[in-house]
Amino acid sequence: MTPTIEAVGVRKRFGEVTALDGLDIVAEPGQVVALLGPNGAGKTTFVRAVATLLRPDSGALRVAGVDAVADPRRVRRLIGLAGQFAAVEGAMTGRENLDMVARLFGLDRRAARAAADRVLRQLGLEEHGDRLVRTYSGGLRRRLDLGASLVGTPRVLLLDEPTTGLDPRSRIELWSVIRELVEQGTDMLLTTQYLNEADELADLIAIVDRGRVVAAGSPRELKARAGRDVVEVHVHDRESVAAAARVLAPLGVGEPRADAATRLVSIAVDSGSERLLESVRALAEQEVAVEDIALRRPTLDEVFLALTGTSAARPEDEKVTSP
Amino acid sequence: MTAAVVQAPPGAGVLSSLSAVAKRSLLKYRRTPQVLFVSAVQGVAFMLIFRYAFGGAIESGTLSYVDYLVPGVATAGVLFSGGVSAVGIAEDAGQGLYDRLKSLPMAHTAILGGRVLADTVLVAWCLLAATLTAFLIGFRVHTNFFAGLAAFGVVVLFGMAFVWVFVALGLLSAANPQAAQGLGFLVLPLSFASSAYVPVHTMPDWLRAIAEHQPVTVAVNAARTLTQGAPAEALAGGTAGHFTLLAVLWSIGISVVFGGIAVARIRKR
């Protein structure tokens with residue numbers, strides 16, 4: 001089957017800045033693909049290239065088999081874009097917003113109305129459809145914006161950081177809307193800087209750093225790549241941190257990580273559950289005051305760290321270095 | 001799996017794209033009464049200020065000052081109402097609206113064309129408010145109804161040309177509404193160094209040379225000669241037909257140049 005998106009060696013420079021540095025990716029039909037990476041990794045640039053908003057300097061880019069560089073107008077009939085901002089008009093109702101987009105897809109009056117109704121139903125927005133959008137909450141606006149990208153029954157939906165700036169509750173609501181769309185068979189390319197978002201929604205995660213894909217796979221594969229389970233021990237007081245680290249060191253692979261401030265000691269281990277039991281026993285024998293002990297599977301955060309050398313979304317880390 | 005059989009939508013032609021985009025802006029204006037009110041008040045206020053504050057001090061040949069003044073203030077007013085477009089365009093760009101529209105299979109020219117149509121309606125509304133005020137403060141058309149209507153049309157057309165100017169400038173101000181707001185002042189020198197408020201023969205030679213030929217003077221002279229007839233033609237040194245033709249040509253020329261810049265800008269990818 002023709003891939004929904006196929007990018008080979010896509011490059012794009014903005015003056016001195018290389019935004020895409022030979023990005024390769026293939027998204028198969030039936031897949032939700034997440035581009036995961038820090039700010040400035042090139043995720044948005046890639047989505048804009050797929051959406052025909054910018055032209056790559058070189059490389060091949062096809063959407064459902066159609067060349068996005070040579071035939072942008074045909075690509076536009078196949079995609080739906082929801083950008084980082086909710087691009088909906090506040091002075092129109094939800095229904096009018098959808099109707100306008102439907103008309104711009106070339107639907108006649110009747111078909112446009114039907115499309116707007118369908119999308120309102122699909123996103124559970126029926127009761128808000130006739131309200132002016134400027135009275136909507138942020139989450140509702142985002143949901144309507146997502147709806148606008150569905151009006152043209154796209155082959156592939158492009159979502160650029162769909163939940164950035166939403167409160168946790170609205171984020172979870174939007175996730176469930178997105179998941180329903182996936183169940184109905186909509187293919188999707190989304191970008192995110194949240195590891196749990198990619199984990200939650202995607203079949204294929206491509207980790208993007210400095211304009212290229214540094215790793216790709218299912219969430220499970222990527223986690224396996226980060227390797228080992230981790231035994232985490234929360235000790236009762238600061239004095240016990242060193243003792244716990246001493247006790248755990250022979251059980252794990254490599255050095256334990258000890259953090260006096262959070263009173264957390266962790267160590268990577270081979271066969272997780274056995275080492276966990278041994279850790280409990282050894283800590284008890286040495287009478288280390290333990291508050292909590294757990295076995296943790298690797299997180300995507302660790303995969304990310306291992307592959308890119310930087311954390312995905314931790315702006316507070318960056319601030320530390322600046323005066 | 002079921003989605004695969006759905007036919008891809010055809011995409012919209014120029015006319016339906018234009019009307020969909022224009023409808024958006026028009027609904028926005030209609031439902032934001034502040035916009036309608038403020039833009040109308042601006043024209044009305046100018047009319048009153050110039051009529052009563054400066055009215056006695058300016059010599060205007062055989063024309064009464066109010067008859068001289070109104071076509072000038074009305075024409076200058078439509079330049080100022082174009083400033084709304086620059087701000088609106090920059091706001092839309094900042095909110096990602098153009099990304100959405102450009103990702104649709106529509107005529108991209110209509111993204112701006114529809115906007116200009118809607119803003120031209122707004123210009124006509126402001127001009128209407130100013131014109132009604134003018135009649136209340138003693139302005140009269142001394143030719144005939146159709147010439148008066150033609151004057152209205154010429155000024156609206158000229159206003160549309162400046163909407164294109166502001167649309168282009170708004171796009172070039174990189175999605176920054178504050179910067180776009182500042183652009184409104186560009187029309188100040190254009191409107192003051194013209195025949196809008198005072199006859200150009202009262203200006204120093206160097207300024208007069210510019211003022212006599214710049215487009216605002218041409219449009220003002222067209223409106224003035226169309227509404228006032230012979231005395232205005234004597235003062236302006238040309239017939240109504242001459243100035244009307246020139247004003248239409250200027251409007252088309254300005255629209256083509258700035259429309260070209262704006263459309264190239266929005267189509268760039």
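Predicted model: local features only at pLDDT ≥ 70, side-chain atom pairs only at ≥ 80, totals over all residues.
The contact between the chains draws 41 residues from chain A and 35 residues from chain B. The area buried between them is about 3300 Å². Carbon and sulfur atoms give 55% of that area. On the chain A side, the residues that lose the most area to chain B are A:Arg76, A:Arg77 and A:Leu104. Together these three residues account for 20% of what chain A buries.

Charged pairs also span the interface. Side chains of opposite charge can pair when their charged atoms come close. Five salt bridges are found across the interface of chain A and chain B. Over all chains, the count comes to 21. A:Glu89 takes part in a salt bridge with B:Arg24, with an N to O distance of 2.7 Å. A:Glu89 also meets B:Lys28 in a salt bridge, here at 3.7 Å from N to O. A:Glu89 sits in the loop between strand E6 (79–82) and helix H3 (94–104) of chain A, while B:Lys28 belongs to helix H1 (residues 14–30) of chain B, so this pair joins two chains.

Within chain A, H3(A) packs against helix H5 (residues 138–148). Their axes are 9 Å apart, at an angle of about 25 degrees. An angle under 35 degrees counts as roughly parallel, and H3(A) and H5(A) are therefore roughly parallel to each other. Their crossing is right-handed. From H3(A), the contact uses A:Gly94, A:Asn97, A:Leu98 and A:Val101. H5(A) supplies A:Leu144, A:Gly147 and A:Ala148. By class, four residues of this contact are nonpolar, three are polar and none is charged.

The crossing of H3(B) and H10(B) is right-handed. On H3(B), the contact is made by B:Asp67, B:Tyr68, B:Pro71, B:Gly72, B:Thr75 and B:Leu79. On H10(B), the partners are B:Val216, B:Ala219, B:Val220, B:Ala223, B:Arg224, B:Thr227 and B:Gln228. This contact between H3(B) and H10(B) comprises seven nonpolar, four polar and two charged residues.

Note on methods:
Residues numbered from 1 in each chain as written. Chains lettered and ligands numbered in written order. Heavy atoms only, no water. Left-handed = near helix turned anticlockwise from the far one by under 90°. Helix = DSSP H or I, 4+ residues; strand = E, 2+ residues; numbered from the N terminus. Contact = heavy atoms within 4.5 Å. Nonpolar A, V, L, I, M, F, W, Y, C, P; charged D, E, K, R; others polar. Buried area = accessible area lost by both parts, 1.4 Å probe. Salt bridge = Lys/Arg side-chain N within 4 Å of Asp/Glu carboxyl O. Axes fitted to C-alpha atoms, helices over the stretch in contact; angles between N-to-C directions. Parallel < 35°, antiparallel > 145°, perpendicular 65-115°, else oblique.
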